[in-house]
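Subject: A structure for you to look through

Hi there,

Here is the structure I promised to pass on to you. Have a look at it first, and then read on for what I found.

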Amino acid sequence: MATESEVSDRPPREPRPQMPTDDLREGLPVPAAALPAAAAPPAAGGRWRRRRERFSSLIIVVPVALIALFPFYWMVATALTPRAAAIRVPPSLFPTDATLDNLRSLFETAPIMLWAFNSLLIAAAIMVGHVVFDSMAGYAFARKRFAGKALIFTLIVSSLMIPVHVTLVPRFILITELGLNNNLLGVIAPSIADVFGIFLMRQFMQSLPRELEEAARVDGANEWQVFRHIVMPLSRPAVATVGIFSFVGAWNAFLWPLIVLSDRSLLTLPVGVALLQQEFSTNIGLQMAGALVGAVPMIVLFLLFQRHFLEGVRVGALKG
Amino acid sequence: MTAIATSQPARTPGRLRRFWRHNGAGYLFVAPSLAFFIIFIFIPLGWSFLLSFQDFGFRESVFIGLDNYVALLRDPIFHQAALNTVIYSIFTVAVWVLVAMILATLIHPLPPRLRTFFRAAYYLPAVTSAVFIALVWKWVLNANPWGLANYLLSLFGAGPVGFISDPSPFLGANVALWSVILSSVLTIPAVGVVLYSAALAAIPRELYEAAESEGAGALAKFRYITVPLLKPVTLYVAVIYTIAAFEVFERVYVMTGGGPGYATHTIVYLIWRTGFRFSEYGLASAQAFLLFAVIATISVIQFRALRSDVEY
């Protein structure tokens with residue numbers, strides 16, 4: 001990592017990717033030990049070529065990252081722009097007279113904290129459901145022998161092939177019959193377990209050594225105690241991944257909450273903000289402020305638990 | 001839960017008791033999830049199938065055979081929604097798969113820390129609800145001269161274009177639909193990048209070194225080593241993105257509301273409207289099953305087309 005930082009210290013010999021690479025490199029910590037190497041002359045032309053090849057991809061990769069992040073920038077910029085300035089021509093790429101007015105009026109016009117609370121409640125409940133039920137099923141599939149195990153596993157995995165929309169109408173009838181229409185429980189119940197978590201827990205638990213479980217059984221622990229006190233603590237990384245994925249997925253869910261919830265005070269953030277867009281269709285600052293409030297918690301969560309996210313995507317893919 | 005193996009009545013016949021001793025714990029651990037899948041997925045699946053042959057009424061429902069399906073196949077709105085969904089899916093999936101593969105290949109040779117940085121940057125939109133991203137795109141693409149996209153066009157003396165409000169025909173679809181597609185393809189296929197990255201790490205470096213010693217350039221290496229060896233991942237990524245694209249909803253709901261007219265109706269948007277705006281449960285179920293059939297067919301085709309026995 002460090003050796004790359006030397007490039008900018010030398011007179012350029014060959015054309016190489018310019019601005020983007022330098023910008024990025026500045027942000028990287030450079031171990032002091034690497035600095036003397038920077039003074040040394042280049043060993044061979046081959047090394048240079050390889051380095052150029054290695055970094056030439058930044059010409060494409062950096063602009064693409066900017067495109068990926070642009071919607072967030074524009075969301076923040078517009079949310080901070082006064083209403084009158086947002087519809088000025090030419091539009092300014094930077095908020096000129098930044099203001100918190102949009103955020104303030106958002107909190108005044110919409111029960112945004114209530115929506116955030118609803119989102120939090122739903123996401124937390126679904127997360128707990130996934131962690132408990134997916135782990136239990138994953139444990140059974142990883143460790144237990146029972147008649148029909150392969151069949152049940154195939155059945156559960158095959159539900160991945162069923163698009164959620166095929167089951168929307170009957171699920172809604174079911175929820176209504178249960179009296180859970182327009183109720184947070186009606187959003188939570190149909191998402192309380194999922195295939196991804198079961199699959200991931202099974203994969204992880206299969207890789208655990210069996211000795212501890214057997215030792216616990218010898219000491220007289222029953223099946224539940226073995227699961228709860230031996231297997232679950234050992235599975236903490238997988239549990240974290242399942243938990244975070246479930247939480248984010250539930251927080252961002254839109255279609256089902258849109259169908260089930262109708263009271264303004266019961267909405268989740270995505271549904272509420274989409275509603276704001278219909279109510280205040282010309283107040284773009286307010287809409288962007290709403291989007292910001294909805295997006296920021298998940299972005300923070302992602303930055304905190306990045307490793308679990310990327311790991312989860314990778315493991316989820318193993319089933320192929 | 002703590003009572004797992006103890007709840008057996010004493011008079012259970014010996015064989016059954018033995019069966020339970022060997023299998024019971026497994027069943028109890030699986031039971032909650034299995035019950036969930038049966039109640040919320042498999043029963044609704046069958047129920048939905050039955051509903052699709054009914055004229056649903058809250059008082060009573062009448063079996064009407066294939067009438068819902070026949071009506072749909074004759075319905076111009078359904079045709080438009082189906083066609084829109086297919087066009088949307090073909091373009092977004094093709095671009096997403098290609099972009100994911102290229103980006104993963106490009107960030108692969110970078111130092112680990114940079115690689116992680118880019119993967120994270122690309123992944124950020126994926127942890128944000130599509131509603132919020134779509135709201136921004138709606139704002140960027142608005143028809144007014146202060147809309148960012150129209151401002152950029154005006155710099156070249158073009159526009160203003162009613163990106164999401166113009167239903168006039170354009171390149172085999174219409175302007176509004178292409179704008180929705182544009183906003184989708186500009187969203188980085190984060191999951192694909194992560195999956196391809198993981199797969200790239202598993203390709204032995206010797207293959208590339210051998211190719212280099214034969215004088216292969218970057219493009220040749222990509223074309224003859226990377227692409228073929230990534231084929232299994234490409235299959236998987238194509239399938240998950242096809243399913244995702246066919247189920248597009250938030251983007252349409254927020255950006256265009258299916259309009260103008262029916263210009264950007266997609267199948268799922270139509271299902272939502274039919275089922276939950278007009279409470280036509282039977283018709284909505286039939287729409288859902290047609291969607292299901294299409295997705296299943298395409299998945300099978302993709303599996304056939306991309307199936308290969310890659311070994312290295």
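**The shape of chain B**

Chain B has a radius of gyration of 25 Å, whereas a compact globule of 312 residues would have one near 20 Å. Please keep in mind as you read that this is a predicted model. Along the principal axes, the C-alpha atoms of chain B fill a box of roughly 85 × 60 × 35 Å. As for burial, 43% of the 312 residues of chain B count as buried. If you take the contacts in chain B between residues at least 6 apart in sequence, 64% of them join residues at least 24 apart.

**Two domains in chain B**

Chain B is divided into domain 1, which covers 16-67, and domain 2, which covers 75-306. Their C-alpha centres lie 33 Å apart. How many residues of domain 1 of chain B are in contact with domain 2 of chain B? There are 7 of them, and they meet 6 residues of domain 2. On the domain 1 side, helix 1 (14-51) and strand 1 (54-55) of chain B each supply at least two residues. Helix 1 of chain B gives the most to that side, with 3 residues. By residue type, the domain 1 side divides into 3 nonpolar, 3 polar and 1 charged.

**Where the two chains meet**

Next, turn to the place where the chains touch. Here 82 residues of chain B are in contact with 80 residues of chain A. Which helix gives the most to the chain B side? Helix 1 of chain B does, with 19 residues. The chain B side of the contact with chain A divides into 68 nonpolar, 10 polar and 4 charged residues.

**Chain A as a whole**

Chain A comes to 17 helices and 0 strands. Buried residues make up 41% of its 320 residues. Among contacts in chain A between residues at least 6 apart in sequence, 78% join residues at least 24 apart.

Chain A averages a pLDDT of 79, and 82% of its residues score at least 70. Residues 1-43 of chain A are a stretch to read with care: pLDDT stays under 50 there. For this stretch the model has 40 contacts beyond four places in sequence.

Most residues other than glycine have a negative phi.

In chain A, N182(A) has a phi near 55 degrees, a positive value in a residue other than glycine. You will find N182(A) in the loop between helix 9 (168-177) and helix 10 (184-188) of chain A. Is N182(A) buried or partly exposed? N182(A) is partly exposed, because 14 other C-beta atoms lie within 10 Å, and a buried residue needs 20 or more.

In chain B, S279(B) is not a glycine, yet has a positive phi of about 50 degrees. S279(B) sits in the loop between helix 13 (267-277) and helix 14 (281-306) of chain B. S279(B) counts as partly exposed because it has 14 C-beta neighbours inside 10 Å.

Start with G186(A), which is found in helix 10 of chain A. Why does G186(A) count as buried? Because G186(A) has 23 C-beta neighbours inside 10 Å, and 20 or more is enough. Leaving aside residues up to four places away in sequence, G186(A) touches I175(A), L180(A), N181(A) and V260(A). The C-alpha atoms of G186(A) and F172(A) are 8.8 Å apart, with the two residues 14 apart along the chain.

Then go to Q277(A), in helix 16 (residues 269-279) of chain A. Q277(A) counts as buried because it has 24 C-beta neighbours inside 10 Å. Not counting residues up to four places away in sequence, Q277(A) touches Q287(A), L135(B) and V254(B). L266(A) is 11 residues from Q277(A) along the chain, and their C-alpha atoms are separated by 17 Å.

Enjoy exploring it!

Best wishes

Note on methods: Residues numbered from 1 in each chain as written. Chains lettered and ligands numbered in written order. Predicted model: local features only at pLDDT ≥ 70, side-chain atom pairs only at ≥ 80, totals over all residues. Helix = DSSP H or I, 4+ residues; strand = E, 2+ residues; numbered from the N terminus. Buried ≥ 20, exposed ≤ 12 C-beta atoms within 10 Å, placed from the backbone. Contact = placed C-beta atoms within 7 Å. Domains from an automatic or database assignment. Nonpolar A, V, L, I, M, F, W, Y, C, P; charged D, E, K, R; others polar. pLDDT = per-residue confidence, 0-100. Rg over C-alpha atoms; globule rule 2.2 N^0.38 Å.
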